Every structure is written in C-alpha cells, then in structure tokens.
Amino acid sequence: MEIPTKISSEDFRVVVAIDFGTTCSGRNAFLEVFNSFAYSHRINPDVMVHNSFPGQIAPKTNTVLQYDSDWKVNAWGFAALAKEPSRRERRPIDHPPVELFKLHLADMSEEKKPKMPIGLNFRTAITDFLSEMQKLIKETLEKRWPSVTFPQVRFVFTVPAEWAPGTKGILRDCILKANFLATKNATNLEFTSEPEAAAIFCMRVLKEHQLDVGASFMVCDCGGGTVDLTTRKLLAENQLGEITERTGDLCGSTYVDTEFILFLGRRLGIEAVKHFKEKHYGQYQYLIHKFFCQRVKFEFHDDSSTFRPIELDIERFCPALKQCIATNVKEQMEEDEWIIELQFEDIKAMFDPVVDKIIRLIRNQINANREDKCSAIFVVGGFAESPYLITRLKTIFNLEVNVIAVPQNPITAVLRGAVYYGLDKTVVESRVLKYTYGIQISTVWKEGVDPNKRKTPEGRILKFDRLVARGVTAPADKKFSGIYYPVRADQRFINFKIFYTPKQNGYYCDDPEMKLVGEMTISLPNVHLGLKRAVEFGLTFNEEEIRATAWDKEADDVIPAYFNYEDSA
C-alpha cells in the first residue's frame, strides 16, 4: 500500500478549484462539457476565477481536444471547437474534435457512452485535457505567487453528484498522470460534489435574505447537461448539514439547444441538419453559440406582448447548411431569402419540456423535506441566467418559498464554493448518503437456511454485511464500522471488499445493482492468537472520497487505508 503524501498546515498555501463537471445525454441531445478553475491564497482568501482560455475570454471553456495525425494535442478548449464560417474552403483536419470523453466516467451503460476514435483511449483524452489545464494553472500561479509549488497547493475537483463512488479513483489516476500530484494518494487532492460546492457558495448570501442559523434552503444547480438539487440547513459555527438526498436529472440548458436543432430539422429536414452537423461541425457549433445562445436562449422572456420575432440568417451563421438541404425545401428558402423567423410560441416550445422537468425536480425535493420548511431556493449555474426559467419558477413556487433568487455570478457558483471548501473543509458538518455501503464477509453455511449453490468447498458462504444504509445522515467525524475475525487460525491477511447499492440492504454481493467500490488488504499480526484476532473495519464520509480504516483491537492500533478503487469505467 502506498504511503500517502501528507500536506502540512504550514505548506498548504493556495487552493485551486477545478470544475470537472460533465453532462449526460439521450441519443440526439446536443451537449456541451465545460471546464474552469478558480484559486485563492489562504492568507488573503479572495477568490479569483480564471477568465482567459485559448480562443475565448470567458470563465469556462469547452472540454474539447483537437489532435494531429500522430495523436498529439494541437488545440484544446473553445479553440478546438467552434469556427466562424469562412468563404474559403479549408484543408481537412487530421482528426475531428474529440469531446464528451468525460462521459465515460458517468454511471451509464456502455452502449450509451460516446464512441472514442480508434487509437484513442478515454483515459488518455482525460489526461491530455487535464495536462493542458495543468500548464495553464501552473503558469497562472507562477504569475501570482512565484514561490508557490504544486505540493503546496490544495486541488479541489468538483464532480457530478450522480457519479459512482469508484469513479474518483479513475479520475485521481488521470490527475496524477497530468502532473498535478506527486503520488496517487497525495493528500493535497480533494473532491466535492457540484451541488455541495454550490450550497457552500450560497451559504454566504443567506444573510442578504434575512436567513440565519436553523434556516433550510435549496440549491438548484442548473448546468449545461444536468440539474442537481440539494437541500441544506445552516448550522452554528458556519457549518452546513445536508437534510435530503441529492437529486438530479438530465434537463440542463443544452436540452433547450436540442429542441432548437429539432425545430430546424422540422423546417429544413432532419437529414439535412444531421448531415450539416456531421460534415460542418465547426459551423454547427458556431450556430449554437453565436446565434441561439447569445440571441435567443438567454434573451427570451415569458412575455408575448413585448416579443419581436428573431431572424435566423442561414447565409450568415451557417452557410454550409444550404448545401445539405433538399431541392423542394431549398426553393422555399430562396423565396424567404434564407431567413427563418422564430416566433414566441416556437421558442417557448423549446424551453417548456426542459423547464417542466426542473419544476418536477424541485417539487420532489420540497416534498422530501416535510420537517423543515424550505426558506429559499437559490438557482445557480449557466441556465440560471435564463429570464424565462426564473419567471416560471417564481410563478410556480412563490407561495411556498419566501425567497427564489439568483445569486451574483451564478455561472461560477460551483467553482467559488469549491475554493471555499478547500480553504475550510469543516464547513460541511454532515452528508446524506445516496447509497448503502457494506463489505463481503465469509460466514458458516447453514443447512436449510442458505442456498446450496452458494456453499463453498470449505462449507462457508459469502454474504453482504451492511455498514451503513442509504438515506442515513453521516456526520463528518462518524465512522460506520463492524468487528471481524479471521476465517483461518493461521491467516496473516484480511481482504476487505467494499460494495454499494442504491437499495436499503442486500444479501449477496452479486445482487442486482450491487457494485464493488474497491478493496483493501491489511496484515494480521499475532498469528498465535488464531481466530481470536478482532479487527474493526469502518468507513467515513467526511469527504467525497470514501475513507476506510482498520483497527487492530488486540494491538490497539489504527491503520488508515486508501483502498484500491475498482476500475469500473
């Protein structure tokens, strides 16, 4: 087992938060995956959000890579993606842009994960992108604090709440290979979930709304692909307790983009739009970013009386689309001078399927918290900038919730909250567990009780032993443990396999929905004591990464452990 590299309180000087959120999709969804980072010095804890990436001035950049013919990165971020239409034909690039590779970390079936190009592994793509981020972060920190080195930096990566527990082990390995860490188990790497980071950010604006200790509030993080919700209570000493399970769904702002593309397909032909996307992807992205996002999505209000039709000029924003359109449609478009008018009802129909889903999520979260009245809903994330979304939410919930607000800088709320978490991890007092956790144990097989097919040659049976159930509120300092003994008198090692399930309990470790988190092997001294060597094994959830601890009861000695995560992605 690798000895963790400790970061002492004296060496920890700077916090860098990296928003590593990702989106998930249906088969036809238009997706965006963004990356960003912010930083702060522990002595002067002002949070600075980096706002300059290759090809754009913005607080976030697209998670996209452009490779040459030898699979070397020659562009990344927005610079590898959207391209303004040009009258001159450009030489074809060696490889199309590679994106959505982070979806391989999501908890979804293999057939739903995007295909990687032949010759490129998703782990390599993640590592390559993080390597480019590492260079930019290092350059930025050297300008701010020349004497600070990476071992003196606490890195906080935000991850989606729906990611499986073992995913962080894969991500940690990619972060190591991208030269952020000295060793894989270096302790200057932390993870926090996106809704948790958003809640920490919103905690700082509670007093602006006359909310004090004891107040419960909901955070609705409306990103590009997913919408994540969490309900928290403000506790004494500036801490947060989680009071419901985090929930989420695929209803972020890019699903409004999807509805726009479907609208174009109905007007111009589905095959025409599909061909345009496949053959002219740069222009396709330009159409989304420069026309729809800037002129429609974040300008649309729920007021038909003041609405004016919005013109989409095909020749200006996506001229290559003209080549893909069938003759009968082309004749009509020529009569219309290649202009499509978007009416109020057209745009409303793009928003409503997505917004209705968000409303259902909020309703379910309120219903799950009957004991504490929700005093406020804070909407953050890029979609929080939509006037239509906020108006709909206020119309539906204003009689139940006193405050429905968008904090300042909602698009960077997760980033800023992650920095605050890195500066003071004690801000999180408790978390509500989304899964049931336990270990595989070997016990004596019983006639008439246990299935014959599960009987081992040694007359034993392997079962799931629950340590903690889903829905339990786990204080940051609480250990959930059990006492275990060796199976054989001469046994010198115990291998603990940790499993999780969304169900309240399980019988066997191969039950449906039961998955392996990872495993840890510990040594068993004092062989002369035979079967009487008691070991207390427990899990703590004071961080997003699960911590396992083994206690030799005979020697009264605690062994902290970083178990090996199962490579499930």
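**Strands and helices, side by side**

Guide: Gly438 stands opposite Phe499 in β23. This is a predicted model, in which local features need pLDDT of at least 70 and side-chain atom pairs count only at pLDDT 80 or more, while totals for chains, interfaces and linings use all residues. Residues are numbered from 1 along each chain as its sequence is written, and side-chain values use heavy atoms, leaving out hydrogens and water.

Strand β23 (residues 493–501) runs antiparallel to strand β19 (residues 436–444), to which it is joined by 4 bridges. Here strands (E, at least two residues) and helices (H or I, at least four) are DSSP runs numbered from the N terminus, and two strands pair if DSSP finds at least two bridges between them. β23 also pairs with strand β24 (residues 515–523), again in the antiparallel sense, over 8 bridges, and in that pairing Lys497 stands opposite Glu519. In general, strands of a sheet pair through backbone hydrogen bonds, either parallel or antiparallel.

Another part to follow is an open sheet of 3 strands, in the order β6-β5-β7 with antiparallel pairing. Its edge strands, each pairing on one side only, are β6 (73–76) and β7 (98–99). Strand β5 (residues 64–67) is joined to β7 by 2 bridges, and Leu65 stands opposite Val98 there. Helix α1 packs on this sheet, touching β5 and β6, and its direction makes about 100° with that of β5. Contact means heavy atoms within 4.5 Å; axes are lines fitted to C-alpha atoms, for helices over the stretch in contact, and angles run from 0 to 180 degrees between N-to-C directions.

The axes of α1 (residues 122–144) and helix α2 (residues 167–177) come within 8 Å and cross at roughly 50°. The two helices are therefore oblique to each other, since angles under 35 degrees count as roughly parallel, over 145 as roughly antiparallel, 65 to 115 as roughly perpendicular and the rest as oblique. Among the residues of α1 in this contact are Arg123, Ile126 and Leu130, and those they meet in α2 include Ile170, Leu171 and Cys174.

As for confidence, the mean pLDDT of the chain is 88, and 91% of its residues reach 70 or more; pLDDT is the predictor's confidence in each residue, from 0 to 100. Over residues 1–9, however, the pLDDT is below 50. Where pLDDT is low, the predicted coordinates should not be read in detail.
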